[in-house]
Amino acid sequence: MSRSDGPVAILFKDTSARIAAGILLILTLVAMGADVLPLADPGAVDTSRRFAAPGLAPATMTLSAEDAARLAAAPGLAPAMRRALFGDTVIAPLFGTDELGRCLLSRTVRGFRLSLAAAAVAAIVTLLIGTTVGAFSGWKAGRTDALVMRFVDLADSVPVVFIVIFAVAFLRASGITDPSAKVVVFFATLGMVSWITMARLVRASALALRSGAFIDASRALGMSEPRIVFRHLLPNLVPVMIVALSLTVPRILLFESFLSFLGMGVEAPDLSLGTLARSGFAAFNPVDPRVHLLLVPGIALAVLLLALNVLGDAVRDAADPRLPRP
Amino acid sequence: MTAATFGTLLTAAAAAVAAGIAGRRLAASRPVLGFALRRLALVVPTVIVVHAAAFALMRATPGGPFDTDPRMDPVVRAELAARYRLDRPLLESWLDSLAGALRFDFGPSMAWRDADATDILLSGLPVSAALGALALLFAVLLGVPAGIVAALRRGSWIDPVVRVVSSLGLAIPNFLVATALIAAFSFGLGWFPPAGFGTWKHAVLPALALSLPVAAALARLVRTGLLVELPKDHVRTARAKGLGPARVLFVHALPGALGPTVAYLGPAAATVLTGSLVIESMAAIPGMGTHFVSAAMNRDYPLALGAVIIYTVLVSLFNLLADAAHAALDPRIKP
């Protein structure tokens with residue numbers, strides 16, 4: 001490896017990081033393209049096949065007449081692409097069906113999409129709050145920094161799960177009726193309680209950078225303070241933001257599934273991996289455990305988190321210049 | 001505001017300030033004790049912040065806790081509101097509730113109308129504490145030896161296995177682990193009951209499910225710590241003067257490697273307490289987690305608030321103990 005290799009090159013020299021990144025890319029593409037793929041309607045009830053076990057044969061089926069009519073009538077680009085690519089073909093419930101005979105594969109893809117959206121929204125909120133607090137504290141240094149960091153310490157000892165559960169109760173009773181707005185507010189709440197890691201790491205980095213020669217040079221050139229902060233400090237904080245995200249995003253995903261599993265997160269008819277696992281647990285019993293209802297969303301979540309953790313470990317290693325390179 | 005409220009708030013503030021000042025004075029002569037006192041002083045403001053956030057969210061939620069029954073007579077509802085002091089001005093009821101929280105007196109429960117929230121929580125606390133202690137014990141017994149073996153046998157097949165299993169342990173959600181354990185050991189082998197509480201057998205599976213993420217994190221921390229410590233000069237010297245491998249490991253290498261592990265036990269306690277919300281509800285264990293979840297659902301304000309305050313104090317104390325132990329182990333750490 002040459003000395004000039006950037007962190008990205010170092011990162012992708014690591015085989016496990018490459019595999020993890022590949023898995024994440026495929027999963028994200030599947031989730032984003034869910035409307036184009038020939039998946040069954042996640043809400044389509046078919047009581048003749050309740051609790052069907054997973055199986056590979058038959059792999060595809062033909063849409064029922066009413067589902068085909070609904071697909072033909074669906075507006076927008078994605079259904080049109082689906083009609084052009086796959087016609088009336090639909091993937092059979094390879095992962096089995098739930099208590100109403102709904103296709104678990106299609107439901108898991110939708111749940112996966114919502115869980116990813118949760119992570120994305122929460123990550124943006126985390127970035128906004130954490131970077132603002134951390135960069136401000138580190139840039140100001142001295143007394144302001146000490147004061148802000150005591151506040152961060154205080155916020156860190158708050159048991160956030162409980163506060164989020166109260167916030168969810170508040171959200172449920174509040175006047176918001178649009179379900180998608182409710183979900184977005186819930187995700188943003190997750191971000192609002194997860195910014196501490198971001199703030200700490202960004203602050204430490206900003207504190208180290210503010211006495212750097214390039215900052216002195218910018219000042220000597222007569223640049224205004226906002227210009228120095230936005231043009232010179234913030235771009236140099238991006239690596240540490242990525243490191244903080246690699247720590248925070250898996251936690252947010254676990255948090256979302258945990259709350260949804262408790263019945264305090266995403267509400268029906270919206271699907272997340274947590275709500276799927278919840279209904280799987282409701283169907284779990286000693287006579288007929290129907291484990292696929294729990295295993296499918298659970299394994300999907302575990303694969304996602306494992307890929308994120310492996311990639312995160314590699315990102316942190318690549319971002320740490322002190323580490324010896326193999 | 002009653003005299004009792006005023007007295008409690010004043011006492012708590014005075015105690016916090018006194019602990020803070022004493023901690024600052026002792027910082028030079030007894031650094032660990034001074035550190036512990038300063039952190040203890042922070043518990044009071046933390047409780048105030050958490051209480052304020054929870055209280056604000058509860059009170060801002062539209063509708064009251066007694067609105068669930070539409071047939072209830074308005075007169076009865078007004079009487080109930082008066083009994084639970086919901087009809088007082090907001091500031092007064094906030095201060096009263098805060099003072100009660102600082103005394104660990106949370107008032108009568110709204111869902112179990114004849115019981116005191118404090119009594120309900122105190123009945124759940126030993127159950128949750130036993131479960132949590134067992135989970136931490138399992139985590140240490142599983143995680144620390146795994147980390148040691150992985151570090152000592154670096155390069156053999158054991159190291160990658162421990163790394164993969166610990167990554168999985170961090171990635172698999174608690175509720176999935178619990179279900180897998182129930183399916184295997186309860187439905188399959190019939191060794192342990194799937195749910196309920198009473199005998200030690202009931203606690204094994206939930207504690208195991210709670211312990212896995214902590215064990216995974218411990219294994220990683222111990223492994224990294226030992227890998228840094230083993231090549232150091234003092235370990236080589238110990239080995240060179242003919243000490244046995246066990247003595248080199250436990251007396252010379254491990255103490256220096258365990259700092260971050262000990263510091264992690266604070267967050268570990270928080271992880272276990274959080275996880276117990278799900279695990280207790282799943283296995284129908286009558287602990288604080290179950291009480292909190294049902295209280296939050298039923299809008300039982302005093303009970304939910306009490307659970308939050310007790311959890312806050314517990315997590316603060318665990319963090320304090322872990323950090324103090326870390327500072328005592330490693331004199332380079334400036335608390």
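Which helices of chain B do the buried residues of α10(B) pack against?

Modeller: The buried residues of α10(B) pack against α8 (200-229) and α9 (233-240) of chain B. This is a predicted model, in which local features need pLDDT of at least 70 and side-chain atom pairs count only at pLDDT 80 or more, while totals for chains, interfaces and linings use all residues. Residues are numbered from 1 along each chain as its sequence is written, and chains are lettered from A and ligands numbered from 1 in the order in which they are written.

Helix α10 of chain B covers residues 245-257; helices here are DSSP runs of H or I with at least four residues, strands are runs of E with at least two, and both are numbered from the N terminus. The buried residues of α10(B) are B:Val248, B:Leu249, B:Ala253 and B:Ala257. A residue is buried if 20 or more other C-beta atoms, placed from the backbone, lie within 10 Å of its own, exposed if 12 or fewer do, and partly exposed in between.

The axes of α9(B) and α10(B) are 10 Å apart, at an angle of about 150 degrees. Such axes are lines fitted to C-alpha atoms, for helices over the stretch in contact, with angles from 0 to 180 degrees between N-to-C directions. The angle makes α9(B) roughly antiparallel to α10(B), since angles over 145 degrees count as roughly antiparallel, under 35 as roughly parallel, 65 to 115 as roughly perpendicular and the rest as oblique. The crossing of α9(B) with α10(B) is right-handed, a term for a near helix turned clockwise from the far one by less than a right angle (left-handed if anticlockwise).

On the α9(B) side, B:His234, B:Val235, B:Ala238 and B:Arg239 take part, and they meet B:Val248, B:His252 and B:Ala253 of α10(B); two residues are in contact if their C-beta atoms, placed from the backbone, lie within 7 Å. By class, these residues comprise four nonpolar, two polar and one charged. Ala, Val, Leu, Ile, Met, Phe, Trp, Tyr, Cys and Pro count as nonpolar, Asp, Glu, Lys and Arg as charged, and the others, Gly among them, as polar.

Another helix pair of chain B is α11 (residues 259-282) and α12 (residues 288-298), whose axes cross at roughly 90 degrees and come within 7 Å. That angle makes α11(B) roughly perpendicular to α12(B). Here B:Ser276, B:Leu277, B:Glu280 and B:Ser281 of α11(B) meet B:Gly289, B:Thr290, B:Phe292 and B:Val293 of α12(B). Three nonpolar, four polar and one charged residue make up this contact.

Elsewhere in chain B, B:Arg153 sits in the loop between α5 (117-152) and α6 (158-171). B:Arg153 is partly exposed because it has 13 C-beta neighbours inside 10 Å. Leaving aside residues up to four places away in sequence, B:Arg153 touches B:Ile158 and B:Asp159.

As a whole, chain B has 13 helices and zero strands. Of its 335 residues, 43% are buried, and its C-alpha atoms fill a box of roughly 85 × 60 × 30 Å along the principal axes. Among the contacts of chain B with a separation of 6 or more, 72% join residues 24 or more positions apart.

Chain A contains 13 helices and two strands, and 39% of its 326 residues are buried. After α10(A) comes A:Gly222, with a positive phi near 85 degrees. A:Ala141 also has a positive phi, of about 55 degrees, although it is not a glycine. A:Ala141 lies in the loop between α5 (104-140) and α6 (142-156) of chain A, and it is partly exposed because 14 C-beta neighbours lie inside 10 Å.

The two chains meet through 33 residues from chain A and 37 residues from chain B. On the chain A side, α7 (160-173), α11 (225-261), α12 (273-282) and α13 (292-319) each supply at least two residues, and α7(A) gives the most, with nine. This side of chain A has 28 nonpolar, five polar and no charged residues.
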